[in-house]
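This note sets out a few points for a colleague who is meeting the structure for the first time.

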Amino acid sequence: MKDVFLTLFGGRNVLVLVLLVLALITGIVNPRFLTLQNVLNIMLQISVLGIVSVGATILLVSGGLDLSAGSLLSLSAYVAGLVILRLQSLPLALLVAFCTSAGFGAFNGLLAATERAHPFIITLGMMTFLQGIAIAISRGSPINGMGGLYELIGVRDFLRIPLPVFVFLAVLVSVDIFLRYFPLGRYAYAIGGNQEASRLSGIRVGRVKVILYALNGVCVGIAAVVLSAILDSALPTMGSGYELRAVAATVIGGTPLFGGRGSVWRTLLGVLLLGLVSNSLNLMGVSANLQNVVLGAIMVMAVMFQGSR
Amino acid sequence: MVSEQAALLSVNEISKSFPGILALDSVSLTLHAGEVHALIGANGAGKSTLVKIIAGALQPDRGSITINGKTFQVLTPLLARKIGIAAVYQEQQLVPDLTVAENIFLGKEPRTTFGRVDYRRMSAETMELIQTYGLSIQPDYVVGKLPLAQRQEVAILKALKEEAKVLLLDEPTAALTGPQIAFMFRLIEQLRKRGMGILYISHHIDEILSIAQRITVLRNGKKIGTFLAQDVTKEVLIEKMAGRRIESESRFSRKPPGDVILETQHLSINGKVEKASFVLKEGEILGFSGAADSGCKEVLRSLAGLYPIRSGGIKLFGKTFRPRGVADTMQQGILFVPEDMRREGLVLPFPFPKNITLAKLQKVTSRGFILPHREIQAVYPYVSSLRIVAPSPWAETRILSGGNQRKVLLAKALFTDAKIWLLEDPTQGVDVETRQEIHHLLIEARNSGKSILIFSSDLEELLTVSDRIIVMYKGRPTREIENPATVTTQELLSMTLGG
Ligand SMILES: Nc1ncnc2c1ncn2[C@@H]1O[C@H](COP(=O)(O)OP(=O)(O)OP(=O)(O)O)[C@@H](O)[C@H]1O
Ligand SMILES: [Mg+2]
């Protein structure tokens, strides 16, 4: 009985099923849901969370975690905004954003590689630290108008599909290739599955961790650029909450928290589920507070149904 | 004799299948009070699966279990414990972060009058148990920091504490050395005389013939038969397990070794090894023999770059060499294979081919990309020569039987093409046939110019494959055996004990 339950509800198949059923029901209740415009809307809405979640997947697979992703997103976006505001140079702004995100990412990795504390604690500290920096340099005021960045990514589309969606898909596919075909990607799974065995296999565990955290930082940087382009502004707190939603999406997709397994395609399913649910709740006119209740319940249920194996 | 014939436990036509494999095919057996009943079979025959079913850790597809006249279709671990079944599994079930005492009392902690855990009593009772059985551990040792053999002792103590009627032991001696094995046998004999029924799994047939009264043989999930120990010989049992005749292993021919490639001078490791000097030549198998505190393992581990060296030097290919971590020593062509495969050797969630290639991914990459088809092709020869049995090429390493996991670990080592191998108990838990196959592989590797440093708790194995043996006692090399062919296991055992 338990086995039947698990084959039906365990693993990825369920998620696809849940997604389809959910889409169908919402579609019946509210015909506007299945219009092309709304589908494009959903895709645009999930792209930023998607990019952050792909980064989170790299870390979760290797037994790591980054709770500072949201703060880092805010900080990177804000410094990019500052460069645009003061120097009017888009390439320089992008460079500064990526250096900030990859740099602090690598720093997280260095701290994690010391093995002095669990990454949960390390990045929890970094979350406060980076958020503090972002608020301090902004003095709390937002930057309105990201200049050329908005025109470059924020409003463009191709075949009516918004550009941020392509950015998300490009990140997704690149990271998938990285995790599956690069030795470093293989090492990520190995370290998540058994760190000691990885070390005894000659893998330089610390070095690999720094690279993985830096890559997560790059994803956060891309998300920062995309989000500020969509909003055409940079706020010192614009990223807060993304870190937890990214972990939630990844775990809902079926990548376990303890490492060694998982893939970005599962994460895509998790992100889609979150996106669909909040979109359909919106269309049904459910209030924001009630939406959170529903989303939270879905997260818990989805994770329970994964089965513990 | 009559009282001993009462069936304490009977297993009735148990079947169990896993995806892609029928692990047990209506297997029945009975266990009498006051009996040691051995369960033998090749790797993957289904022994551990049967043990887990009897202990309630796995549910059978069909069949039942009768104990004390009561029949159960399904058992849970809790229920099994309640009706007097205790088990020591092949893969250890202890909590690494807890102490010995906490592990032994897990879930049944004594309470003070205020309902808090009574640590003092727990510790005292554990000490009592340790002394009763004459073990060398302490109640407050953290289990995760103990070596494999001592963790095994804790697991057994935990099972004994249950005061069960039926004790299931899945390869309890695999990680133990001579005196510890003898000690374990005395313990088992003591328990048997008290009327306990003991189901005992081991790949060491000599061991089994000396302590078991009856022996049940499994092959591919089917029961071949149950035999009285006095009616069978080692050869007969081996044939029953494999399904065909297996030639017994003769000692291998020797070849004069080449130049010295590794040399240690007065190697000392804090508190473990004092001034060990020896040489390893090209195309030579150098055995290390010694008890748990002899320092043999530490010598291997320091060469692998896992233990800092306090003083003394190492010369590799004539040059001074300071091991700086495993990645470094591997680059120098030195490969270390740890004994504790679940903790240090294998990435259990990986499909097993990925474990084989992990230490040498360069062999299956092209321009920095892993080529999956090349990976599958590359591991195939190792899978077939080591007879790795798995339900599919994507099977996770976690679900392979214990012996097959060990073979994966060895395949991983063979795959690296290292020049010098440091092996810790390479055939632990491996069946008779594959053990011989592995010995052949080691000899072949030696003949092709590899140098192998092997530590084994299996003295017979050391005498069979080594060209030379160094005996260590309390951190110092005490003997060097130039011609192992002239030495018996008994003699080697007494040397390791300081004789
Ligand atoms: N959880 C599982 N999922 C799938 N297959 C499994 C699982 N556990 C065991 N098996 C398979 O069942 C078969 C029997 O395994 P088992 O562990 O009982 O062998 P064994 O006789 O104990 O071997 P060994 O001597 O190597 O310990 C093996 O082929 C193994 O791969
Ligand atoms: Mg087994």
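1. One salt bridge is found across the interface of domain 1 and domain 2 of chain B. The model is a predicted one. The assignment places domain 1 of chain B at residues 4-242 and domain 2 of chain B at residues 260-496.

2. A salt bridge joins the side chains of B:Arg151 and B:Asp340, with 2.5 Å from N to O. Between domain 1 and domain 2 of chain B, six residue pairs are in polar contact. On the side of domain 1 of chain B that touches domain 2 of chain B, the elements giving two or more residues are helices H5 (148-161), H6 (178-193), H7 (205-211) and H8 (234-242) of chain B. H8(B) gives the largest share, four residues.

3. The centres of the two domains of chain B, taken over C-alpha atoms, lie 29 Å apart. Domain 1 of chain B brings 26 residues to the contact, and domain 2 of chain B brings 22 residues.

4. About 1,800 Å² is buried between domain 1 and domain 2 of chain B, and carbon and sulfur atoms give 54% of this area. Of the area that domain 1 of chain B buries against domain 2 of chain B, 28% is supplied by B:Asn43, B:Leu148 and B:Thr177, more than by any other three residues.

5. Chain B also has an open sheet of six strands with mixed pairing, ordered E16-E19-E20-E13-E21-E22. Strands E16 (334-337) and E22 (476-481) of chain B are at the edges with a single partner strand each, so one side of each has no neighbour in the sheet.

6. Strand E21 (468-473) of chain B pairs with E22(B) in the antiparallel sense over five bridges. Within E22(B), B:Pro477 stands opposite B:Met472.

Definitions and conventions
Residues are numbered from 1 along each chain as its sequence is written. Chains are lettered from A and ligands numbered from 1 in the order in which they are written. This is a predicted model: local features need pLDDT of at least 70, side-chain atom pairs count only at pLDDT 80 or more; totals for chains, interfaces and linings use all residues. Side-chain values use heavy atoms; hydrogens and water are left out. Two strands pair if DSSP finds at least two bridges between them. Domain bounds come from an automatic or database domain assignment. Contact means heavy atoms within 4.5 Å. Buried area is the accessible area (1.4 Å probe) that two parts lose on being put together, summed over both. A salt bridge is a side-chain nitrogen of Lys or Arg within 4 Å of a carboxyl oxygen of Asp or Glu. A polar contact is a pair of N or O atoms within 3.5 Å; within protein, one must be able to donate a hydrogen and the other to accept it, and residues adjacent in sequence count only if both atoms are side-chain atoms.
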